[in-house]
Amino acid sequence: MIWLLILIPFLVFAQVIEVKEEIIKKLGIKLYKVKTEEVKEEIRAPAKVSEYAPLVAEVYAPVSGIVKKLFVKEGDKVSKGSPLALIYSPQVADLQAQLRNAKVKLKTAEEVLKREELLYKEEVIPYARYYSAKIEYERAKGEYEALLLALKSLGEVREGGVLIRSPISGYVIEQKVFLGSGVDTSKEMFKIHSHEKLWVYAYLSPQDVGRVKKGMRGCALWQERRICGKVDYVSHEVEPETKRVPVRILVDNKEDVLRPGLMLEAILEVGRIKGTAVPLDALQELKGNYVVFVRVPKGFEVRKVRVIKRVGNWAVVEGLKEGEEVAISGLVFLKSQVER
């Protein structure tokens, strides 16, 4: 009796399920021919999308003043150089007035210098008088150029104010000013994010993170699409809350698929495995063991296999030979025949 109990599990896995050809066709049972091949070895982990810091721009007012015009609002997409706002500034108006006066003064000094130079060459006036006119011209020119430089340093001057333009292409994710708002050089006006590149933080177990290196290929999986890039940072600390290690992937997001804040799955390609690979759909669990249904002349043989490694939608297994065919659909029916 004891021998019979020991023998039963082995009989289950050696069982052949007789299925006629017409039944196989009627059930639509599909087969996969087993072959030895290289399979990508992947680690999957929960992840979160974050902004890529080098493509985040915080826009501040270059002068104190009042917002006279607004050209964008929160949520708008902008191009590099797009106008954001016009700030009226008393400082700008005062500089413009000083510049106009300095320009008149410079023109007068230039005319005096030309006249004095001509008189000096004709020996009508002494050198000291000519030299004095020259000094006055250089002083007027220096004052004008200093005022012009000061005005240019404030930015693009328009209508007695300064026109603020976007430093990058992206989205206005924060707008902190409105028409009539007072601003100064310490006040942030807008925050603009470019989503052409994003960081994806994957959270790996300490056991897996040792296999990940900078420069490895990594992807964010969102709605069955892979948005890929390279690992650019591997943390050396375990987060106390999650007991996981952050790994950062810099991904290209030119098609604007991802958004900061998304929770998704990250896939890290850590190598390749060569072995007998079958789709995960072919695996079934019976009595605590993995089995596949191998096509034989009379139907299907229940074959026990050992799973060496799971890689994506594939499993590298031991217990099959290259060229054998395993069922990858209709498995509910086949499994029910074993369990009857």
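Colleague: What makes R129 and E116 a salt bridge?

Modeller: In this predicted model, the closest N and O atoms of R129 and E116 are 2.5 Å apart. The cut-off is within 4 Å, between a side-chain nitrogen of Lys or Arg and a carboxyl oxygen of Asp or Glu. The pair therefore counts as a salt bridge. R129 belongs to helix α4 and E116 to helix α3, so the contact ties together parts that are 13 residues apart in sequence.

Colleague: Why is E116 called buried?

Modeller: The relative accessible area of E116 is 3%. Buried means under 20%, so E116 is buried.

Colleague: Are K105 and E143 buried, exposed or partly exposed?

Modeller: K105 has a relative accessible area of 38% and E143 has 36%.

Colleague: What makes R306 and E318 a salt bridge?

Modeller: The closest N and O atoms of R306 and E318 are 3.1 Å apart. With the cut-off at within 4 Å, the pair therefore counts. R306 is in strand β20 (residues 299-311) and E318 in strand β21 (residues 314-318), so parts twelve residues apart in sequence are tied together. R306 is partly exposed at 48%, and E318 is partly exposed at 44%.

Colleague: How many salt bridges does the structure hold, and which residues are linked in a network?

Modeller: The structure holds 26 salt bridges. A network of them links E58, E174, K176, E188 and K191.

Colleague: Why is E123 called exposed?

Modeller: E123 has 71% relative accessibility. Exposed means over 50%, so E123 is exposed. E123 is placed in the loop between α3 (90-121) and α4 (127-153). The phi of E123 is positive, about 60°, although E123 is not a glycine.

Colleague: What makes K243 exposed?

Modeller: K243 has a relative accessible area of 56%, and the limit for exposed is over 50%. K243 therefore counts as exposed. K243 lies in the loop between β15 (225-234) and β16 (245-252), and its phi is near 60°, a positive value in a residue other than glycine.

Colleague: How do you know that β5 and β7 pair?

Modeller: Strand β5 (residues 65-70) and strand β7 (residues 83-88) are joined by four bridges, in the antiparallel sense. Pairing needs at least two bridges, so these strands pair. I66 stands opposite Y88 in β7. Five bridges also join β7 to strand β9 (residues 161-165), again antiparallel, and P83 stands opposite R165 in β9.

Colleague: Why do β6 and β10 count as a pair?

Modeller: Two bridges join β6 to strand β10 (residues 170-175). The requirement is at least two, so the strands pair. They run antiparallel, with K77 opposite Y171 in β10.

Colleague: What makes β4 and β6 edge strands?

Modeller: The open sheet of four strands has the order β4-β12-β10-β6, with antiparallel pairing. β4 (56-60) and β6 (77-78) each pair on one side only.

Note on methods:
Residues numbered from 1 in each chain as written. Predicted model: local features only at pLDDT ≥ 70, side-chain atom pairs only at ≥ 80, totals over all residues. Heavy atoms only, no water. Buried < 20%, exposed > 50% of the residue type's maximum accessible area, 1.4 Å probe, protein only.
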